[in-house]
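I opened my notebook to get to know a new structure.

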Amino acid sequence: MTTERPTAHIIGTGSMVPERILSNRDLESIVDTSDEWIRRRTGIVERRISSTARNESTSAMAIESSLRAMDMAGVGASDLDMIVVGTVTQDRMFPSAACSIQDALSAKNAAAFDISAGCCGFLYALSTVDNAIRCGTAKTALVVGVERLSSVINWTDRGTCVLLADGGGAVVVTSKNNGGGILSTHIQSDGSLWELLYSAKGNDSLPEILSDMDQKPFHLRMEGNRLFKRAIEFLTSISKKAMKNNSLSSDDISIVIPHQANIRIIQGMSKYLKIPMEKIFVNLDRYGNTSSGTIPIALDEANRQGLIKKGDLVLMTAFGAGLTWASSIVQWSI
Ligand code: UT7
């Protein structure tokens with residue numbers, strides 16, 4: 001009999017992005033922008049935008065990501081006792097996206113709920129599941145981060161519509177008694193900064209080339225420049241907190257999976273954390289900012305590309321609407 005306390009281990013990853021690619025050049029026909037400006041100021045080259053005709057809803061992306069993660073983990077629906085989804089663009093106000101997944105998978109033993117934490121949704125969800133597993137209230141859980149931001153974008157606002165996109169990912173987390181796994185999670189917020197990124201009543205005018213989309217009755221508003229400065233500060237401080245908590249230095253980190261908002265934010269974080277860009281996984285050139293989707297999509301890509309080996313120390317970190325910010329260090333178990 002082991003006396004070691006249970007820790008939570010990621011044992012499967014999966015992700016899904018919509019089929020349609022919207023390039024910077026396509027955006028030139030929608031707003032007053034240029035491929036050159038978007039690449040230089042953000043690092044984004046193209047992004048994925050969901051289609052109603054192809055049923056690329058938030059739930060559909062979440063379900064497909066979950067199935068891929070469960071397949072890798074060798075876990076069946078009846079093994080799941082918790083499904084937690086980080087999203088702010090669930091298909092309906094209620095019930096939750098998590099309940100749609102629970103239904104689609106017939107995960108009869110699972111409690112299911114969403115978490116609204118802006119772009120930190122995935123890490124807030126991971127933190128919730130980590131704590132549930134440590135407490136023994138869950139054994140095996142699905143953690144999902146998914147977003148259909150195209151449905152809340154103001155397509156006349158060049159300051160936001162060139163950045164945001166759709167997609168999602170999932171991980172299966174399970175309890176083990178042999179140490180390692182999720183070493184810690186850290187979540188923070190400051191609601192006084194809500195006006196830097198929030199939703200407000202919008203209209204449903206859509207550009208011609210995206211006319212087959214569902215649009216929600218509210219739009220996202222952002223003060224990009226002020227948020228930019230906070231982003232580097234918060235990503236750096238919460239990453240340092242995670243390393244300190246685990247008595248680790250920057251050199252100990254094998255790979256960083258950061259929120260994919262802007263290459264200049266990632267470069268700033270790299271400089272202040274003294275972690276070289278070669279150790280930081282970047283895919284925002286292909287997917288843009290998918291909010292809660294960025295980290296699980298990037299984690300799944302890095303994992304499937306063989307960039308993360310068993311025992312590696314993975315640092316994940318994000319910031320977003322709230323404002324919220326978060327980090328986690330995981331000793332890789334796959
Ligand atoms: O997940 C969290 C979500 N949000 C973020 O992470 C966003 C963080 N912020 C950013 O990434 C950057 O602040 C932006 C990419 C949003 C903007 O870059 P910036 O270097 O901070 O530009 P700026 O807002 O200071 O604007 C500089 C200029 C302005 O023109 P003027 O006033 O100097 O003539 C803007 O109107 O760039 C203009 N501009 C654009 N020009 C062409 C803003 N957006 C565009 C655009 N195309 N899409």
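**Entry one: helix H5.** I began by noting that this is a predicted model. Then I looked up H5, which runs over residues 121–135 and has 15 residues. From first C-alpha to last I found a reach of 21 Å, close to the 21 Å expected at 1.5 Å a residue. Among the buried ones I listed Phe122, Leu126, Val129 and Ile133. Asp130 is buried too. After H5 comes glycine 136, and I noted its positive phi, near 85°.

Next I turned to H7, residues 224–245. Its 22 residues reach 31 Å, close to the expected 32 Å. I found Leu227, Phe234 and Met243 among its buried residues. What do the buried residues of H7 pack against? I wrote down strands S8, S9, S10, S12 and S13, along with helix H8. Just after H7, serine 247 has a positive phi of about 50°.

Elements giving two or more lining residues include H2, H6 and S9. Which element gives the largest share of the lining? H7 does, with five residues. I also sorted the lining: 19 residues are nonpolar, 17 polar and four charged.

Technical notes
Residues numbered from 1 in each chain as written. Predicted model: local features only at pLDDT ≥ 70, side-chain atom pairs only at ≥ 80, totals over all residues. Heavy atoms only, no water. Helix = DSSP H or I, 4+ residues; strand = E, 2+ residues; numbered from the N terminus. Expected span 1.5 Å × (residues − 1). Buried < 20%, exposed > 50% of the residue type's maximum accessible area, 1.4 Å probe, protein only. Contact = heavy atoms within 4.5 Å. Nonpolar A, V, L, I, M, F, W, Y, C, P; charged D, E, K, R; others polar.
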